[in-house]
Amino acid sequence: MCGIVGYVGLPEKSGEHQALDVLVEGLRRLEYRGYDSAGVATVSGGVVQVRKKSGKLGNLLAEIEAAPVGPAQVGIGHTRWATHGGPTDVNAHPHVGDSGRLAVIHNGIIENFAQLRQRLLAEGFEFASETDTEVAAKLIGRFFAGEAAGDLTAAMRLAVNELEGAFTLLAVHADAPDRVVAARRNSPLVVGLGEGENFLGSDVSGFIDFTREAVELEQDQIVTITSSEVEIINFDGTPAQGRRFYVDWDASAAEKGGFPTFMEKEIHEQPKAVEDTLLGRTDAEGRLVLDELRIDPEELKATTKIIVLACGTAAYAGLVAKYAIEHWTRIPVEVELAHEFRYRDPIIDETTLVVSISQSGETMDTLMAVRYAKEQGARTLSICNTNGSTIPRESDAVLYLHAGPEIAVASTKAFLAMIAASYLLGLYLGQLRGQLFSGQIADILADLHSVPGKIQQILDDAEQIKALARQMADTPSVLFLGRHVGYPVALEGALKLKELAYIHAEGFAAGELKHGPIALIEEGQPVFVVVPSPHGRYSLHSKVVSNIQEVRARGARTITVAEEGDEAVQDYSETVFHVPGTQPLLMPLLTTVPLQIFACALASEKGYDVDQPRNLAKSVTVE
Ligand code: F6R
């Protein structure tokens, strides 16, 4: 939530980057994190200039055009997802302190802001906004003018030690014109290293146009950047070091690349996202090697229970993981929404492996659940797409996806990559525990490697899905049914439709239908059914065909996603989307794709912004 960018360049000279251009470029890339309002503050000529505006970045740019800021080499920028105070001009960041000579931006929630505000009001401070951020601005300003004696880093340190909650704060001051000072607790912040210039960003996309050299910060640290130096200290004032890393994708990966939207681009990148996630994870003998796991194989072998923690789409990937990992390893797997997990006194010990799944690596609910699991003695493993993010850094082990940056707010390619990574984990554990023979693993891996080509086939053949979406633009409600690994796919299909097209949509386990949801079926109700492979076990296929008949008999319009060659569904489906076949457990990598295309096309037909759906933010860094 909220995108944050900071910049310090060389003293003003022609030809160098101007702070405003760097900030605007950074905000453009970070806008997916929040788009309720945007603002910048630049420092030059002994003054701080602030421009801010509610609405998307375009509104801020119009504001700057109407009231330009002068050339500057130092500045901060913010794109907001509102928490405290509505998305108005006044509540937009930056907020000012110290008589307008200090500007502050913030991501997170300051939990004790009400008490601090009361105290500051009693001291005579006045507030223009309803935000918790303004409290931080006044506090930093007060310390700067007093105890910290004009040292912005010291003022930040004194202030953050009074704050509770989650925050990334960035501050600039007219009387410290060569620097940006930032602090982080439970909220993301990365440093970008340039030549004669340095950057700050909520994530690396905030500065990816300018540098791929980055530094990851630890929890409770303050960083001061000037054009030539990056100095990190802990909240207690002791010096600290960050971890340097190189960003393995470039700015072009974060462009639309000829597609009208990021969402369409990312849906089309799925063959590569899956392929790259599988890449380089076997040795010459075809054995899985997950070196980056960093947990002693003996400890992994001793795992008695796996708990998968995630939210939203990532949790649906976790549900798919459960089916596969249990089947291949015989280790019981629980999947739980991270925000529910730690409030129910879960049973965990050192033989529990807690697997968190997160695209951003910053989801606060997931992070808090991982910390809780660690405190209880569990081993923690993160499946994550974002290098330099908090969850993998705090976990004992990490299995990175290699899906590339996901910019569209609703997740698509990361979902498939998460599923692929979960399969790798399941196979690896099966291999370690001797539960799977090497031939079995090789067969499954071979099938996995053939999946990207099959996804491509679905993408190449998407016109039928898009045509149906156009035709269904006025539909008020859609239901999704699935069984076994098709169940999480149904949940994900419904979530995509809610998020992108603002249509009421529900996903159900098809077997649950007759226990209640069938009451929703009336004449003309569209029902998508994810049909299991006719070659799978347990006669699931015929059970689902019965479910299709049950809803059809009550007037539903049945739209099925079925394996090529599955003739049985034909007679009971108004429309069938055929997908190529693969092993039943791997089918979600294929059956999800038509549902994503459908939701995206339907939302586009309704004229909605599929990259930035209303009320959402890409990275949910508040609880
Ligand atoms: C849905 C979506 C969200 C995220 C969820 C977790 O399209 O994107 O439901 O999946 O907020 O986010 P990460 O994976 O970043 O932890």
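Analyst: In this predicted model, the centres of domain 1 and domain 2, taken over C-alpha atoms, are separated by 33 Å. The contact draws 13 residues from domain 1 and 13 residues from domain 2. In the domain assignment of the protein chain, domain 1 covers 3-248 and domain 2 covers 259-446.

The size of an interface is often expressed as the accessible area that is lost when the parts come together. Here domain 1 and domain 2 bury about 1,100 Å² between them, and 52% of this lies on carbon and sulfur atoms. On the side of domain 1, Y32, N186 and E216 account for 40% of the area buried against domain 2, more than any other three residues.

E216 also takes part in a charged pair: R393 forms a salt bridge with E216, and the closest N and O atoms are 3.8 Å apart. That distance falls within the 4 Å limit used for a salt bridge. Across the interface of domain 1 and domain 2, the rule finds one salt bridge. Polar contacts between domain 1 and domain 2 come to four residue pairs, counted with both residues at pLDDT 80 or more. By class, the side of domain 1 that touches domain 2 consists of six nonpolar, two polar and five charged residues.

For the setting, the structure as a whole holds 34 salt bridges. One of them joins R101 and D175, with the closest N and O atoms 2.5 Å apart. This pair links distant parts of the chain, 74 residues apart: R101 is in the loop between β5 (95-97) and β6 (102-110), and D175 is in the loop between β7 (165-173) and β8 (176-185).

Two backbone details belong to the loops on either side of β5. Most residues other than glycine have a negative phi, and most peptide bonds are trans. S99, in the loop between β5 and β6, is not a glycine, yet has a positive phi of about 55 degrees. The peptide bond joining H93 and P94 is cis, with omega about 0 degrees, and P94 is found in the loop between β4 (74-80) and β5.

The C-alpha trace spans about 75 × 55 × 50 Å along its principal axes. The protein chain has a radius of gyration of 25 Å, which agrees with the value near 25 Å for a compact globule because that is what 623 residues would give.

Conventions: Residues numbered from 1 in each chain as written. Predicted model: local features only at pLDDT ≥ 70, side-chain atom pairs only at ≥ 80, totals over all residues. Heavy atoms only, no water. Domains from an automatic or database assignment. Contact = heavy atoms within 4.5 Å. Buried area = accessible area lost by both parts, 1.4 Å probe. Salt bridge = Lys/Arg side-chain N within 4 Å of Asp/Glu carboxyl O. Polar contact = N/O pair within 3.5 Å; in protein donor to acceptor, adjacent residues only side chain to side chain. Nonpolar A, V, L, I, M, F, W, Y, C, P; charged D, E, K, R; others polar. Rg over C-alpha atoms; globule rule 2.2 N^0.38 Å. Helix = DSSP H or I, 4+ residues; strand = E, 2+ residues; numbered from the N terminus.
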